Amino acid sequence: MDIIDLNFTGKETTQERLIKATQALIALYGYDAMTTRMIANTAKVTLSAINFHFGSKEELTKAAVMKAAEDLQKIYSEKACEIRHFLKQKPVDKEQAWGYLDRFLHARIRQALDYKRSWINIGIAEHENGLPESSRGIMAAVAVQTNESVLAELIQAVSVRPNPYTALVMARSISATIMTVTEKPVILNKLAEFMDVDISDKHQLEMALHDYFMRAIEANVSLNPWQK
């Protein structure tokens with residue numbers, strides 16, 4: 001197979017090259033299809049370097065997934081802390097909460113549509129069920145803690161009648177759609193067909209997704225007409 005061009009700078013250590021190569025190969029092919037020779041070739045190191053530095057393919061995979069999760073945590077943790085600090089104020093200002101929700105979704109969609117930055121994280125998440133037991137759940141735990149949970153808390157904050165279960169279901173649905181939108185032609189085709197969106201225009205796609213999610217949240221958190 002051709003070696004994936006990961007644009008190594010020449011300053012990476014052997015361990016860093018192996019981790020970066022493993023992340024890319026998992027994202028593209030999954031764990032079972034990824035061989036140690038593929039990893040070594042992609043990292044441009046000797047095959048023996050894997051056992052020398054990590055002991056096994058499984059341990060290297062765990063290190064690669066943990067590093068991806070650590071990087072993802074850095075991206076979202078600052079914003080998550082800011083939002084949670086705001087939500088501690090009682091009573092929560094609903095207008096400000098809507099503002100936080102608006103900005104949070106914008107940032108999340110924009111990051112997901114930045115394929116150069118997001119493809120490895122999205123790919124690892126999609127292949128997570130095929131990873132060894134020692135590597136499963138690591139990325140998902142970070143995504144829930146710094147993304148889905150925060151989104152659910154914001155949805156509750158803007159709700160007329162807060163319902164934690166409903167908020168979590170909505171947050172999971174929105175997060176899953178954002179994560180997979182660029183990988184699922186059906187979703188993109190429906191956007192193009194029913195929302196008159198040029199899906200080749202990233203800015204237009206971003207705005208359409210954001211508008212749809214905000215309207216969906218508003219429709220679900222408003223007081224139902226039969227509720228008094």
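Helices here are DSSP runs (H or I, at least four residues), numbered from the N terminus.

Before moving on, note that this is a predicted model: local features need pLDDT of at least 70, side-chain atom pairs count only at pLDDT 80 or more, and totals for chains, interfaces and linings use all residues. Residues are numbered from 1 along each chain as its sequence is written, and side-chain values use heavy atoms, with hydrogens and water left out.

**Stop 1: the start of helix 5.** Show aspartate 93 and glutamate 95. A side-chain oxygen of aspartate 93 comes to within 3.0 Å of the backbone nitrogen of glutamate 95.

**Stop 2: the buried side of the list.** Now colour the buried residues of helix 5, including Tyr100, Leu101, Phe104, Leu105, Ile109 and Leu113. Buried means under 20% relative accessible area, exposed over 50%, and partly exposed in between (1.4 Å probe, protein chains only).

**Stop 3: helix 4.** Select residues 57–87. Find lysine 67 and aspartate 71, whose side chains meet in a salt bridge (2.9 Å, N to O). A salt bridge is a side-chain nitrogen of Lys or Arg within 4 Å of a carboxyl oxygen of Asp or Glu. The two residues are 4 apart, about one turn of the helix. An α-helix has 3.6 residues a turn, so residues three or four places apart point the same way. Lysine 67 is partly exposed at 32%, and aspartate 71 is partly exposed at 30%.

Stay in helix 4. Glutamate 70 and lysine 74 also pair, at 3.6 Å, N to O. They too are separated by about one helical turn. Glutamate 70 is partly exposed at 40%; lysine 74 is exposed at 57%.

**Stop 4: across two helices.** Select arginine 172 and glutamate 148, a salt bridge at 2.6 Å, N to O. Arginine 172 lies in helix 8 (residues 164–180) and glutamate 148 in helix 7 (residues 138–158), so the pair ties together parts 24 residues apart in sequence. Is glutamate 148 buried or exposed? At 14%, glutamate 148 is buried, whereas arginine 172 is partly exposed at 45%.

**Last look.** The whole structure holds 9 salt bridges.

Key:
A polar contact is a pair of N or O atoms within 3.5 Å; within protein, one must be able to donate a hydrogen and the other to accept it, and residues adjacent in sequence count only if both atoms are side-chain atoms.
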